[in-house]
Amino acid sequence: MGLGNPGPEYAGTRHNLGEACVRELASRLGVEVARKRWKSLVGFADLDFGRAWLVLPQTYMNRSGEAARAALRDAGVGPNRLWVVHDELDLPLCRLRIAFGRSAAGNNGVRSIIASLGTEDFWRFRIGVGKPASSRAGVSHVLGRWSRVEAARVPSVVSGVVDALEEALRSGEVRAMDLYNRAGSLGCEELP
């Protein structure tokens, strides 16, 4: 599930980085994510282990849990099979951390999913977007567009996150976590 806000006014914002990564994963898998289901746009790929659903909630970030709950219910899987790809203020741009069972850490989409599912026990692909100078600027930071310097790094970030997602599909979440959490960078230079 790639978190973001629907609509052209939010395209290309930091908060839609999770959605951008899932769209790129869909492209690599040859999957169209266009079917309307579960308050989302969805597509699927039949892989060696079974069906993988790619889900882009259309509920706005603060209500992502509605889409997650509907998708898990209809797919007949538990929260531990959910991968949420989202932006993370606590990490610098060019950084990815894969985690299981963490708090929302201030991300309202993740907070909504935890509240809707009644558990923190799902996977997170936490993509750094950097922290603004003041905590009051958090909302405007994530809803803002990339600076020119940041925008030059975003393609490497998206590519690196999708590489991690593909590794998790091939080898499992723990293997991907070991590789990518240890590596530190997604192949681009972090900003100071």
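What share of the 192 residues of the protein counts as buried? The share is 50%, where buried means under 20% relative accessible area, exposed over 50% and partly exposed in between, with a 1.4 Å probe and protein chains only. The model is a predicted one, in which local features need pLDDT of at least 70, side-chain atom pairs count only at pLDDT 80 or more, and totals for chains, interfaces and linings use all residues. Residues are numbered from 1 along each chain as its sequence is written, and side-chain values use heavy atoms, with hydrogens and water left out.

The protein has six helices and six strands. Here helices (H or I, at least four residues) and strands (E, at least two) are DSSP runs, numbered from the N terminus. Their order from the N terminus is α-β-β-β-α-β-β-α-β-α-α-α. The radius of gyration is 15 Å, close to the 16 Å that the globule rule gives for 192 residues, so the protein is as compact as a globular protein of that length. This radius is taken over C-alpha atoms, and the globule rule is 2.2 Å times the number of residues to the power 0.38. Along the principal axes, the C-alpha atoms fill a box of roughly 45 × 30 × 30 Å.

Contacts were counted between heavy atoms within 4.5 Å. Of the contacts in the protein with a separation of 6 or more, 68% join residues 24 or more positions apart. The protein exposes about 9100 Å², and carbon and sulfur atoms supply 49% of this area. Accessible areas come from the Shrake-Rupley method with a 1.4 Å probe; for residues, only the protein chains shown count as cover. The protein carries 26 positive and 21 negative charges, and their mean positions are 4 Å apart. Lys and Arg count as positive and Asp and Glu as negative, while His and the chain ends are not counted. Each charge is placed at NZ of Lys, CZ of Arg, CG of Asp or CD of Glu.

Helix α6 spans residues 173–183, and Glu173, Ala176 and Tyr180 are buried in it. Seen down the axis of α6, its buried residues fall within an arc of 65°, so they line one face of the helix. The arc is that of the directions from the helix axis to the C-beta atoms. An α-helix has 3.6 residues a turn, so residues three or four places apart point the same way. The buried residues of α6 pack against β4 (83–88), β5 (96–100), β6 (123–128) and α5 (148–171).

Asn181 also belongs to α6. Asn181 is partly exposed, at 22% relative accessible area. Neighbours within four places in sequence aside, Asn181 is in contact with Leu96, Arg97, Ile98 and Ala176. Asn181 and Ile98 are 83 residues apart along the chain, yet their C-alpha atoms are separated by 6.5 Å.

The loop between β4 and β5 holds Cys94 and Arg95. Cys94 is buried, with a relative accessible area of 0%. Arg95 is partly exposed, at 22%.

Most residues other than glycine have a negative phi. Cys94 is not a glycine, but has a positive phi of about 85°. Lys39, also not a glycine, has a positive phi of about 60°. Lys39 lies in the loop between β1 (35–37) and β2 (40–47). Lys39 counts as partly exposed, at 49% relative accessibility.
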